[in-house]
Amino acid sequence: ISQAIHSFSQGPVEIEKLQKMISMLTVKGYKHEAVALLETLLRTYQSEGFDRHPDVDSLNDQWQYIRENFLSVGIHQPNFLPWIGYFHKIYVSDVFIFHNNVEFTRKSPTKRTLIRKHPGSAETIYLSVPLKHTGDHTLIKDLLIDHSVKWQKKWVNHILNSYRKTPFFDEYFPVIEDVIMKSRDIESFSEFSIQLTKSILYILGIHKDILISSQLPVSGEKSAYNINLVKYCTGNIYNSGLGARKYQSEEEFTRNGIRLTYIDTFNYLERNKAAYPENFLNGVSIIDTFFHFGKEFILKIFREYSDILNGRRIL
């Protein structure tokens, strides 16, 4: 990308050569880089006053084609302070949908997360958001926080006690504390957990198109619902967690023109534990990784595993 921009700044370039390079990037799995190059070239034309240049239409057409034909979608239920695998799914997706229009499962990690029980210990404890009484078929979008339980200060203090001596605590704790304490003014669990997740995405510098399933004119059952959500976004790639393999049919996705990609972040991290610091814990809340190792460590993991998913590196 930098070479292309440098060439452009030196004078006229053969736009066809650049477009071939952009196509090659896209096919090889570097879609985001290809789109970034196109957008930079279009901004450059605009800044030079060439908005009506013939190349602009050609570049816009290519930009639109890549966006429409190589668009990936990730879908997941809103979770309270989820682990880094949750955020990796968002990282590799062009569009991410918080799927709050499905039934709440009591044994799921929806309302709870794992953090360290004591400073420096590998022993963990659940932090859980208390909810008002729910029926057997309550949808996640209808879950309400039980404000009769003063849990916010308790969990903030536990996070403080467990992580205050970690290298990156001062950098990230104020944001986490602020969002948790503000939940006292929020009734909807879904709204709160989505807000908290967006705050962490902001810290990571991850900017994606975010949608909420209950706000979309889409319905269905299990994998059919996911297919309909992907089609609503005009996506043709669905980034799925490995756990969904037991009920999803790859043939069903293929019939609908969608490529099904399974992401197994947990086992990827397990296989690569030797490359990480000794006190790295897999499967716990992302705040544990933030406080101990910082956002650059997390983003490095995301980039490396994404390269493997796209076939740019061998596992």
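Helices (H or I, at least four residues) and strands (E, at least two) are DSSP runs, numbered from the N terminus. This is a predicted model, so local features need pLDDT of at least 70 and side-chain atom pairs count only at pLDDT 80 or more, while totals for chains, interfaces and linings use all residues. Residues are numbered from 1 along each chain as its sequence is written, and side-chain values use heavy atoms, with hydrogens and water left out.

View 1. Let's start in the loop between α9 and β6 (237–241), where you'll find Thr234. Thr234 isn't a glycine, yet its phi is positive, about 55 degrees. Now look at Lys222, which sits in helix α9 (residues 222–232). Lys222 is another residue other than glycine with a positive phi, in this case near 50 degrees. Lys222 counts as exposed because its relative accessibility is 64% (buried means under 20% relative accessible area, exposed over 50%, partly exposed in between, with a 1.4 Å probe and protein chains only).

**View 2. Helix α7 crosses helix α12.** Two packed helices are described by the angle between their axes and the distance between the axes. Here, the axes of α7 (residues 169–182) and α12 (residues 286–309) come within 8 Å and cross at roughly 145 degrees. (Axes are lines fitted to C-alpha atoms, for helices over the stretch in contact, and angles run from 0 to 180 degrees between N-to-C directions.) The crossing of α7 past α12 is right-handed; a crossing gets that name if the near helix is turned clockwise from the far one by less than a right angle, and left-handed if anticlockwise. On the α7 side you can pick out Phe169, Tyr172, Phe173 and Ile176, which meet Ile287, Phe290, Phe291, Gly294 and Lys295 of α12. Contact means heavy atoms within 4.5 Å. Sort the residues of this contact and you get 7 nonpolar, 1 polar and 1 charged. (Ala, Val, Leu, Ile, Met, Phe, Trp, Tyr, Cys and Pro count as nonpolar, Asp, Glu, Lys and Arg as charged, and the others, Gly among them, as polar.)

View 3. Thr166 lies in the loop between α6 and α7. In sequence, Thr166 and His292 are 126 residues apart, but their C-alpha atoms are 5.4 Å apart in space. Leave aside the neighbours within four places in sequence, and Thr166 touches Phe291 and His292. With a relative accessible area of 12%, Thr166 is buried.

View 4. Of the 16 residues in α8, 12 are buried. Those buried residues pack against α5 (84–91), β2 (95–98), α6 (151–163), α7, β5 (209–212) and α12.

**View 5. Ser193, tucked inside α8.** Ser193 belongs to helix α8, and it counts as buried because its relative accessibility is 0%. Apart from neighbours within four places in sequence, Ser193 has contacts with Pro78, Asn79 and Phe80.
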